[in-house]
Amino acid sequence: TTTLSGKVDKSGALWMNGGQLPIMNDGTFEQLAVLSEGANIFEFEFADLAGNHAKAWRNVTRDTLAPSIGIPESQGRSTNGTYTLRGTSDVGSIVAVNGKPVSLDASGAFAKNVELSYGMNTIVVESKDRAGNVAQKRLSVSYEPSQGTNWGAIGLMIGLLAIGLLVGMFFMKKMGPKPEPVPGEPEAPIE
């Protein structure tokens, strides 16, 4: 329900949608109106004591329905750490994916790349309409890196092995081989 009120500046009679309304001595009126979901049109007609008529309309919209969100219901899976979420919502709604705003196109469609952590991830989509009604949906997406050869790790190990080999050869050349003791000569003490 809502209260419709106003003021007329002359004496006379006032009707709202065909029903007469009481007018106070100061010219004010007030009427409680039951609203149905969607657009509600109220027609006011005033007739002064001379018989002159005037009409006015007031449109009141009741919106208690949350906006729609269309996203895949099935669980997604990613092997590269990113999931592209595609969905739809009511045109004019404000949509966020995991708290970050997303733009809607003219038809209400959106797409957002979501970075994933290893294992199961929950993606939260929230849509808020102009009336403040909020809808929320959750989607579970699993991230499991693809099984295969990790060429990066293999390359790193080969590189480290080559560096170790070069460092070893450098010190071997710098320090040289230890001289072999000559038979019959005493070895010099190492200081």
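## Surface and charge

The accessible surface of the protein chain comes to about 14000 Å², and 56% of that area belongs to carbon and sulfur atoms; such areas come from the Shrake-Rupley method with a 1.4 Å probe, and for residues only the protein chains shown count as cover. This is a predicted model, in which local features need pLDDT of at least 70 and side-chain atom pairs count only at pLDDT 80 or more, while totals for chains, interfaces and linings use all residues. Residues are numbered from 1 along each chain as its sequence is written, and side-chain values use heavy atoms, with hydrogens and water left out.

The protein chain carries 16 positive and 19 negative side chains, and the centres of these two sets lie 3 Å apart. Lys and Arg count here as positive and Asp and Glu as negative, without His or the chain ends, and each charge is placed at NZ of Lys, CZ of Arg, CG of Asp or CD of Glu.

## Overall dimensions

The C-alpha atoms of the protein chain fill a box of roughly 145 × 40 × 25 Å along the principal axes. The radius of gyration is 40 Å, whereas a compact globule of 191 residues would have a value near 16 Å; the radius is taken over C-alpha atoms, and the globule rule is 2.2 Å times the number of residues to the power 0.38.

Of the 191 residues, 26% count as buried, a class that means under 20% relative accessible area, with exposed over 50% and partly exposed in between (1.4 Å probe, protein chains only). Among contacts (heavy atoms within 4.5 Å) with a separation of 6 or more, 52% are between residues 24 or more positions apart.

## Helix and strands

The secondary structure of the protein chain comprises 1 helix and 14 strands, where helices (H or I, at least four residues) and strands (E, at least two) are DSSP runs numbered from the N terminus. Helix α1 covers residues 151-175, and at 1.5 Å a residue its 25 residues should span 36 Å, which agrees with the 36 Å between its end C-alpha atoms; the expected span is 1.5 Å times one less than the number of residues.

Of the 25 residues of α1 the number buried is 0, so the helix lies largely in the open. After α1 comes G176, whose phi is positive, near 70°.

## Two asparagines with positive phi

Most residues other than glycine have a negative phi. N17, however, has a positive phi near 50°; N17 sits in the loop between β2 (12-16) and β3 (19-21) and is partly exposed at 45% relative accessibility.

N98 also has a positive phi, of about 50°, although it is not a glycine. The loop that holds N98 lies between β10 (94-97) and β11 (100-102), and N98 is partly exposed, with a relative accessible area of 36%.
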